[in-house]
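Have a look at the model before reading on.

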Amino acid sequence: MPRIALSQIGSSLYTVDLDAGTTTALTLPTGVTLSTTRKPRFATLNQWTAVVNSPTKNIVIDPEGTIRPLTLRPPINAPTTATSSTGLTGAYLYKASFVILNNEGELLSESPLSPASVSLTLANQGVALTDIPISLDTVTNRRLYRTLSGGSLYFHVADVQGNNATAAFDDKADAVVTLLPASPTTLTMPPGALAGIRFKLIAEWKSRLWAVADDPSLVDTIYASETNKVYAWPNSAIAYPTGQDKDGIIALVPRRNQLGILKRNGLWQVGGSAGSTGISFSNISISQVVVGKAGCVSADTVVVVNDRAYWLGTDGVYEWSDEGVVNITNDSVAPWFKTGTYFNRNRFPNAFAKYNEARHSYELHLANTGDSTENRWVSFYLKNRKWYGPHLTGLFTPTHAAHVLDNNGLPMALVGASTGVIYTANSTNYRDGAATAIDYDVYTPFYSVDAPDIMHYWGELSMHSDIETGGTLTVTPYLGGLDAS
């Protein structure tokens, strides 16, 4: 079976066959469109992949490739009830929901419940239900819930197949109803269930999906789904203090035992005890790890490798591990990020990064000084902890990048282009495309020989290079570090 990746190209979603290099367009739910100016953000839970930020409503792709709303819209009205025949005695209330079942009858998704019906008092009577709501989404069934006599808890009493019939009959005894599942109180409608406000960030951690909305009043709030349920979102927590800036939470960082929450001015973390079914939301806590530094400017620069996280801040790149949080650019390439000599700092929020497993490097894509596209990239080799670059991609304009596995389980580094083409990195011939040689800029390390008080004779500058058939090579010596003129 081919290994499939997901990609947004223009205003459409595609599956990408990484073996054949072919794409297949996916059909969006009715009324959902994709923004071409907001990058999609993906997270996978139990083979269901949620897509947020670019869709006008949060969506999820099931294992068969069908796109559905992440959360179904709830019914806006309750069923109408009336007495009929015989069966029940007492006061009863009804609610309804919309559900999607698979071919085996297993629940795939369920909407929040409708309002409650008017209380109906019965004396050995059955209940005729009419006006059962019809969903605007594509669903397989409508689900009916009922209280016990005089009760307030709702139990699943029946399913009405399809999305057309509006009438049903109920005379099930309370003893029978209590054997069915109780109403899921976890069913709520999170931001993004309706057009307008949507999730802007999403990540999987500890068998839950975690997300942040773009509502200006909710930018410091993190939402969490129920364990192993992509459609149920009853949980939320706040990373205090709130209201420090309009952006709030910039990125989510899922490490092994912590979920990082990055704002512009620091790092918070979600912690708690986890069991075989994931982390218990009732036991979580949010604590501040670093304040006043180590913030993030772009969610798309966050990469986690071997439980070490990397991201771009206003003054450089940070690494977060069990040893703490450190700036890994201050000692060597600080001028890259603290001056405007090398990169367009105004476009740091547009930067993106990938993990290049073949080279074991963190690769960060940035805009050259004076440019408005992320046409440069630098790489941090994790083995020797050295920075290399800046490099220039000359054949196309990079728009995003990712680390995936090919059909043989081998690592691939992909780079998306503004033309809608996806390119593979690590070409053996070190070229852009089929024939264009890479336009390669590199700043070598600063050589001090660690002996500043001894006179050295350097002689004439020399360089070793392969023989090339054409092109221009410029070698510029600097006296001093990267901030030298």
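Which side chain meets aspartate 174 in a salt bridge? That partner is arginine 146, at 2.7 Å from N to O. A salt bridge here is a side-chain nitrogen of Lys or Arg within 4 Å of a carboxyl oxygen of Asp or Glu, and the structure holds 19 salt bridges. Keep in mind that this is a predicted model, where local features need pLDDT of at least 70 and side-chain atom pairs count only at pLDDT 80 or more, while totals for chains, interfaces and linings use all residues. Residues are numbered from 1 along each chain as its sequence is written, and side-chain values use heavy atoms, leaving out hydrogens and water.

**Aspartate 174 and arginine 146**
- Helices (H or I, at least four residues) and strands (E, at least two) are DSSP runs, numbered from the N terminus.
- Arginine 146 is buried, at 0% relative accessible area, whereas aspartate 174 is partly exposed at 23%.
- Buried means under 20% relative accessible area, exposed means over 50%, and partly exposed is in between (1.4 Å probe, protein chains only).

**Glutamate 226 and arginine 208**
- Glutamate 226 pairs with arginine 208 in another salt bridge, with the closest N and O atoms 3.7 Å apart.
- This pair links distant parts of the chain, 18 residues apart: glutamate 226 is in the loop between strands E17 (221-224) and E18 (235-238), and arginine 208 is in strand E16 (residues 208-213).
- Arginine 208 is buried, with 5% relative accessible area.

**Aspartate 322 and arginine 255**
- Aspartate 322 and arginine 255 form a salt bridge too, their closest N and O atoms being 2.9 Å apart.
- Both residues are in loops, 67 residues apart: aspartate 322 between strands E27 (316-321) and E28 (324-327), arginine 255 between strands E19 (251-254) and E20 (259-263).
- Aspartate 322 is exposed at 62% relative accessibility, but arginine 255 is buried at 4%.
- Shared partners join Arg255, Arg256, Asp307 and Asp322 into one network of salt bridges.

**A nonpolar patch**
- Met463, Leu473 and Val475 make a nonpolar surface patch, together about 310 Å² of accessible area.
- Patches take residues with over 30% relative accessible area and no salt bridge, joining like charges within 9 Å and nonpolar side chains (Val, Leu, Ile, Met, Phe, Trp, Tyr) within 5 Å.
- Accessible areas come from the Shrake-Rupley method with a 1.4 Å probe; for residues, only the protein chains shown count as cover.
- Valine 475 is in the segment after strand E37 (436-437) and is partly exposed at 43%.
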